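Please look through the sequence and the structure shown here before reading on. The report after them is written for someone who is new to describing proteins.

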There are 2 protein chains.
Amino acid sequence: MKHRTLRIALDGMGSDDYPYPELHGALTAASEFGYEILITGDKALLAPALKEINSTSNSKISIIHAPEKIESDESPAFSSRKKTQNSIAAGMRLVKDGEADAFVSAGNTGAILANGLITLRRIPYTRRPAIAVLIPVPQGYFILLDVGANSDCKADFLHQFAIMGSLYAHKVLGIRQPKVGLLSNGEEENKGNELTKEAHALIKNDQNINFIGNVEGKEMFAGKADVVITDGFTGNVSLKITESVAKMVATLVKDAIKSNIISLIGGILVRKSIENTAHTLDPNEHGGAPLLGLNGIVVVGHGRSNSRAIRSAIKVAGKAVKNELLGELETALEQQTKSYS
Amino acid sequence: MKHRTLRIALDGMGSDDYPYPELHGALTAASEFGYEILITGDKALLAPALKEINSTSNSKISIIHAPEKIESDESPAFSSRKKTQNSIAAGMRLVKDGEADAFVSAGNTGAILANGLITLRRIPYTRRPAIAVLIPVPQGYFILLDVGANSDCKADFLHQFAIMGSLYAHKVLGIRQPKVGLLSNGEEENKGNELTKEAHALIKNDQNINFIGNVEGKEMFAGKADVVITDGFTGNVSLKITESVAKMVATLVKDAIKSNIISLIGGILVRKSIENTAHTLDPNEHGGAPLLGLNGIVVVGHGRSNSRAIRSAIKVAGKAVKNELLGELETALEQQTKSYS
């Protein structure tokens, strides 16, 4: 580790409601975990806002001026090259130069990936970086990757995703021998498309992976796997369907309750219990999506992140640094690459 | 049309609870729509069961003896060739020989497809048949295809799925100029994998399709498209995730309500409203999944079909026959095939 005190770079202009979720999250993380937080972004905006919520100066928080912001609807590749002074690029440079141990942003995922590839590049032996998300289920959560970095994958990419997801689950989430499943259209080994059938054979042969075989929606949402592997197209479609269906059913229940006076009264009585349940499925509690395969620790928070989500993402990033995730990934990916030849 | 009275072949041993859903559904359909129903299956089982629920003989219902049943966990290809006297094959033969106008089964979808390909074959100019399902949303429903017939697709298959889904929506569901979307990992035209980008261009150029471009979970479940096109792998994964998440959220709400005495009382008051809502999302109301591209009308009911679902599937099959879906499909697919060369 480069510093005695962990230093986390944080994008000050990432979330939908920036900068307050970031600033509150940073202050909490600094006092709770003792980390130094380097907030990147427009100083003219961040400095007064920080002063407003924390009038006494805090030696653990500093602002790194980076005036440009990549908007959520901008083309990641284009804007990342055009806006060289953007708050994401600034964070990546801090990690690259050893000024920070990790970078956290709740900004445009595509832009974070693009800036990461430009500045940090890939871990040696890594075919493609992947975006991993934690999906909450009643039993806890599972990690799904890739959810969008690679629309077209080869079987060895999926094998690497299995290695990266498994190591992340072990080193950062503390799951011993994480159960790894391959998302497919049937549980049987012979089910799948050409890509998943080939990936199935590769992952099955890897003695370092606790592979449970193909999984479908039923197994995923029953929490049967800790890590679920898929290509970035299927993963992204799956993630968005999951969010949409959950929201649709919740809205239907809410509307049904409001539909007449008797159920409205009932609704008042059930509200607290349902809110408690909703809390266990709240992505803000689960601390961000790691970009795995970049040569630096990068954690992405949801665009709708609140300060609690920012704090969780910082916590996760710190844990990845302390448990030396990068070195572990490099060793494992080198071993896998050499096993192929 | 070959007969004055429509004749529908019905698999008497398809649903999980066969034969009663089939027999009740057949009796309802016969009296409600005036169709003749030819029920295929083991006569030793079906005849006494029919007599039990309908003691007076009914000239509109007949039983076609086919003693073998393909179980839901059997390999479709293998069992379809081995069990030549299975109840699905018998239904397909009735259609092939002109003894029936359409076939309805709530059995193993893979086996229905395999038997259909063996006996009915494809409509001329059809690259691949597709399984289409109706997914209920608060605004009504949308058709998703392919949900499992083809794990690996080419762009022109997807173009044909768009043509078939659109014609089905128009001719059978009565939707004028059905809005067709392509399932992708982003709404923008440049989003997608290689397959969907190529398919996007083909579908966009087809003047007979009301193409609304790429759709994601959000648009699908807001009812923005009448027909959503995807390859059989992504479609199958998407369908199963949809079912699993809806079930998970519903169970969480139910468990939350049961978690304490106050919300339990509230639960009694909200139950009726929630049940009404659940009813609108009940797949039994929406009448089965057509296999599009086979050279005969084949409609698949859900394995958990009740008699109402069987009746709905028969109704849909009858409508497809009356509106001459097969001929329309052949004309459209011929036109599309010739437009390529």
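The sections below take up strands, aromatic pairs, salt bridges and a surface patch in turn.

## About the model

This is a predicted model, in which local features need pLDDT of at least 70 and side-chain atom pairs count only at pLDDT 80 or more, while totals for chains, interfaces and linings use all residues. Residues are numbered from 1 along each chain as its sequence is written, chains are lettered from A and ligands numbered from 1 in the order in which they are written, and side-chain values use heavy atoms, with hydrogens and water left out.

## Strands around β11 of chain A

Helices (H or I, at least four residues) and strands (E, at least two) are DSSP runs, numbered from the N terminus, and two strands pair if DSSP finds at least two bridges between them. Strand β11 of chain A covers residues 297–300. Strand β4 (residues 102–105) of chain A runs parallel to β11(A) and is joined to β11(A) by four bridges, with Ser105(A) standing opposite Val300(A). Strand β10 (residues 289–292) of chain A, by contrast, pairs with β11(A) in the antiparallel sense over two bridges, and here Ala289(A) has Val300(A) as its bridge partner. β10(A) and β11(A) form a hairpin with four residues between them, and Gly293(A), in the turn, has a positive phi of about 110 degrees.

In a regular strand the side chains alternate between the two faces of the sheet. Buried means under 20% relative accessible area, exposed means over 50%, and partly exposed is in between (1.4 Å probe, protein chains only).

## A crossover in chain A

Strand β7 (residues 179–183) and strand β8 (residues 210–215) of chain A run parallel and are joined by five bridges. Between β7(A) and β8(A) the chain passes through helix α7 (residues 194–204) of chain A, and this β-α-β crossover is right-handed; the word applies if, with the strands pointing away from the viewer, the path from the first strand over the helix to the second runs clockwise. Within this pairing, the bridge partner of Leu182(A) is Asn214(A) in β8(A).

## Aromatic pairs

A pair of aromatic rings is described by the distance of the centres and the angle of the planes. Rings of Phe, Tyr and Trp (its six-membered ring) pair if their centres lie within 6.5 Å, and planes under 30 degrees apart count as stacked, over 60 as edge-to-face and the rest as tilted. How many aromatic pairs does a search of the whole structure find over all chains? The search finds four. In one of them, the rings of Phe33(A) and Tyr35(A) have centres 5.5 Å apart and planes at 40 degrees, so the pair is tilted. Phe33(A) is partly exposed because its relative accessibility is 23%, whereas Tyr35(A), at 5%, counts as buried.

In chain B, Phe33(B) and Tyr35(B) also form a tilted pair, with 5.5 Å centre to centre and 40 degrees between the planes. Phe33(B) is partly exposed at 23% relative accessibility, and Tyr35(B) is buried at 6%.

## Salt bridges

Side chains of opposite charge can pair when their charged atoms come close. Asp156(A) lies in helix α6 (residues 155–171) of chain A and Arg127(A) in the loop between α5 (109–119) and β5, so the pair ties together parts that are 29 residues apart in sequence. Asp156(A) is buried at 15% relative accessible area, while Arg127(A) is partly exposed at 34%.

In chain B, Glu32(B) and Arg311(B) form a salt bridge whose closest N and O atoms are 2.8 Å apart. This pair links distant parts of the chain, namely helix α1 (residues 20–33), which holds Glu32(B), and helix α11 (residues 307–322), which holds Arg311(B), 279 residues apart. Glu32(B) is partly exposed at 43%, and Arg311(B) is buried at 11%.

## A surface patch

Ile261(A), Ile262(A), Leu264(A) and Ile265(A) form a nonpolar patch on the surface, with about 380 Å² of accessible area together. Patches are made of residues with over 30% relative accessible area and no salt bridge, where like charges are joined within 9 Å and nonpolar side chains (Val, Leu, Ile, Met, Phe, Trp, Tyr) within 5 Å; accessible areas come from the Shrake-Rupley method with a 1.4 Å probe, and for residues only the protein chains shown count as cover. Ile262(A) is found in helix α10 (residues 261–280) of chain A.

Methods:
Salt bridge = Lys/Arg side-chain N within 4 Å of Asp/Glu carboxyl O.
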